[in-house]
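Open the structure in your viewer and keep the selection panel at hand.

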Amino acid sequence: MWPEDELLFRNFQQLKGCKFDDEKVATITSREQQKTESSVEKCFDRFEQMQFLNPRLTQLNRIEHQHYLDVMLRRLPSNYECLDSSRAWCIYWILQAAQLLSFTFDEETLDHVIQFLIKCRAPTGGFGGGPGQYAHLAPTYAAVNSLCIIGSQSAYRAIDRESLTQFLFSVREADGSFRLHVDGETDVRGAYCAISCAKLLNLPQLVLKELFAGTGDWIASCQTYEGGFGGAPDLEAHGGYTFCGIAGLALLNEAQKCNKNALLRWTLRRQMSYEGGFQGRTNKLVDGCYSFWVGATIPITQATMPGMEHTLFDVEALQEYILLCCQKQNGGLIDKPGKPQDLYHTCYTLSGVSIAQHSESAMSPQILGDLINELLPTHPLFNIPPKSVAAALSHFSNTTEPDSDGNDSTWKMDDVGDR
């Protein structure tokens with residue numbers, strides 16, 4: 001008999017009444033939704049038929065996922081050539097997913113990772129997506145997160161805080177927005193990546209004040225009439241941009257500048273009634289990656305509102321979708337049934353499960369299925385381990401530190417150069 005507080009799988013027969021009704025008016029959107037629901041229904045039906053014969057159906061395929069990550073860190077397959085400018089991201093996705101699974105790489109492998117990321121540093125400050133590439137805020141965020149996850153002295157020394165700060169100022173606009181690279185596009189991802197890096201590196205308060213003057217107001221201007229955030233003012237609300245918006249505001253302690261009630265309504269409506277996972281936009285399909293992008297937005301928003309102690313989204317339905325519909329038997333996780341596994345979805349589906357399990361209390365996680373499914377917690381604002389955040393803040397609180405060449409580097413306001 002299940003304890004009262006044990007999470008249970010939903011009654012899938014009763015759930016059939018929650019499937020999409022096109023009201024006899026078929027469109028491309030409605031047909032795609034029905035096709036997706038049909039693929040999810042097959043996963044649910046298989047679980048109902050096999051759950052008492054195969055207890056592994058209620059388990060996270062931990063060993064297979066760990067093996068997948070280990071293999072991918074050592075050699076990416078040829079189909080990842082198109083992500084040559086995202087190699088720093090690939091490292092981050094692997095390291096973050098691995099630590100959620102309590103899987104650690106040996107010191108030699110991690111040292112190779114550090115040396116590779118050093119090669120990704122740009123002469124102008126910040127990191128490129130690969131060696132010899134232009135500095136870009138997105139891979140800079142990925143590289144900083146990766147090095148903070150590793151958390152060794154050599155990993156911290158691989159971050160040139162002075163030149164990285166110069167890079168952040170070089171992509172800052174007068175209105176407080178940020179370009180993703182010099183002369184590149186401006187959107188809310190840039191603002192979030194800049195804020196996240198600056199906060200993790202514990203930049204001095206005077207630098208933060210100058211760097212992010214007006215940024216909170218610009219981010220707030222990206223909130224749409226629906227309640228979510230678009231990539232820039234007047235664009236459609238999107239789950240990924242919405243996370244960047246509220247996480248950026250929360251890190252700046254300026255969440256009051258957005259309409260939090262409208263934001264919470266919009267995010268809660270992104271959870272699909274039948275599938276259990278989240279969609280990224282209105283009238284779009286479920287996608288495993290939004291388990292984090294939208295799933296983390298909800299507790300972040302709730303944390304900025306008084307009297308919101310209990311998680312408002314269905315944590316058991318979200319875990320159910322990931323367990324039953326998004327796992328590949330040979331390792332790795334996916335967007336939705338029928339899709340191939342990849343590092344991006346492996347990272348963000350697992351991150352979403354972690355958010356669901358630990359959204360109320362890290363001391364009493366809410367775990368669906370076998371207790372071995374428990375993942376380590378992740379920090380909802382940075383999406384790295386909370387202990388890694390604390391360690392990075394502690395390390396960079398000392399403003400005198402050796403650089404990667406072993407020389408002492410003392411922080412001074414003048415070091416950020418002409419702006």
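Select Met72. Contact here means heavy atoms within 4.5 Å. This is a predicted model: local features need pLDDT of at least 70, side-chain atom pairs count only at pLDDT 80 or more, and totals for chains, interfaces and linings use all residues. Residues are numbered from 1 along each chain as its sequence is written, and side-chain values use heavy atoms, with hydrogens and water left out.

Met72 sits in helix H3. Helices (H or I, at least four residues) and strands (E, at least two) are DSSP runs, numbered from the N terminus. Is Met72 buried or exposed? Its relative accessibility is 7%, so Met72 counts as buried. Buried means under 20% relative accessible area, exposed over 50%, and partly exposed in between (1.4 Å probe, protein chains only). Met72 and Ile91 are 19 residues apart in sequence and 9.2 Å apart in space, C-alpha to C-alpha.

**Along H3**

Stay in this helix and select Asp70 and Arg74. They form a salt bridge, with the closest N and O atoms 3.0 Å apart. A salt bridge is a side-chain nitrogen of Lys or Arg within 4 Å of a carboxyl oxygen of Asp or Glu. Both residues lie in H3, which covers residues 62–74. They are 4 residues apart, about one turn of the helix. Arg74 is partly exposed, at a relative accessible area of 47%.

**H4 and H6**

Select residues 87–100 for helix H4 and residues 137–150 for helix H6. The two pack at an angle of about 35°, and their axes are 8 Å apart. Axes are lines fitted to C-alpha atoms, for helices over the stretch in contact, and angles run from 0 to 180 degrees between N-to-C directions. The crossing of H4 and H6 is left-handed. That means the near helix is turned anticlockwise from the far one by less than a right angle; clockwise would be right-handed.

Which residues of H4 and H6 make the contact? From H4 come Ala88, Trp89, Ile91, Tyr92, Leu95 and Gln96. From H6 come Ala138, Pro139, Tyr141, Ala142, Asn145, Ser146, Ile149 and Ile150. The residues of this contact divide into 11 nonpolar, 3 polar and no charged. Ala, Val, Leu, Ile, Met, Phe, Trp, Tyr, Cys and Pro count as nonpolar, Asp, Glu, Lys and Arg as charged, and the others, Gly among them, as polar.

Keep H4 selected. Of its 14 residues, 13 are buried, so H4 is largely enclosed by the rest of the structure. Just after H4, pick Ser102, which takes a positive phi of about 65°.

How many salt bridges does the structure hold? There are 15. Select Lys257 and Asp217 for one of them, where the closest N and O atoms are 3.1 Å apart. Lys257 lies in the loop between helix H12 (239–251) and helix H13 (260–268), and Asp217 in helix H11 (residues 215–220), so the pair ties together parts that are 40 residues apart in sequence. Lys257 is partly exposed at 37% relative accessibility. Asp217 is partly exposed too, at 47%.

Next, select Arg281 and Glu236. Their side chains meet in a salt bridge at 3.2 Å, N to O. Arg281 is in the loop between H13 and helix H14 (290–293) and Glu236 in the loop between H11 and H12, so this pair ties together parts that are 45 residues apart in sequence. Arg281 is partly exposed at 26% relative accessibility, and Glu236 at 43%.

Then select Lys16, Lys19, Glu41 and Asp45. These residues are linked in a network of salt bridges.

**Last stops**

Select His345, in helix H17. It is buried, with a relative accessible area of 10%. Leaving out its neighbours within four places in sequence, His345 is in contact with Asp287, Cys289, Leu333, Ile334 and Asp335.

Finish at Leu381, in the loop between helix H17 (343–358) and helix H18 (386–396). Leu381 is buried, at 15% relative accessible area. Not counting residues up to four places away in sequence, Leu381 touches Tyr192, Phe243, Ala247, Ala250, Leu251 and Ile300.
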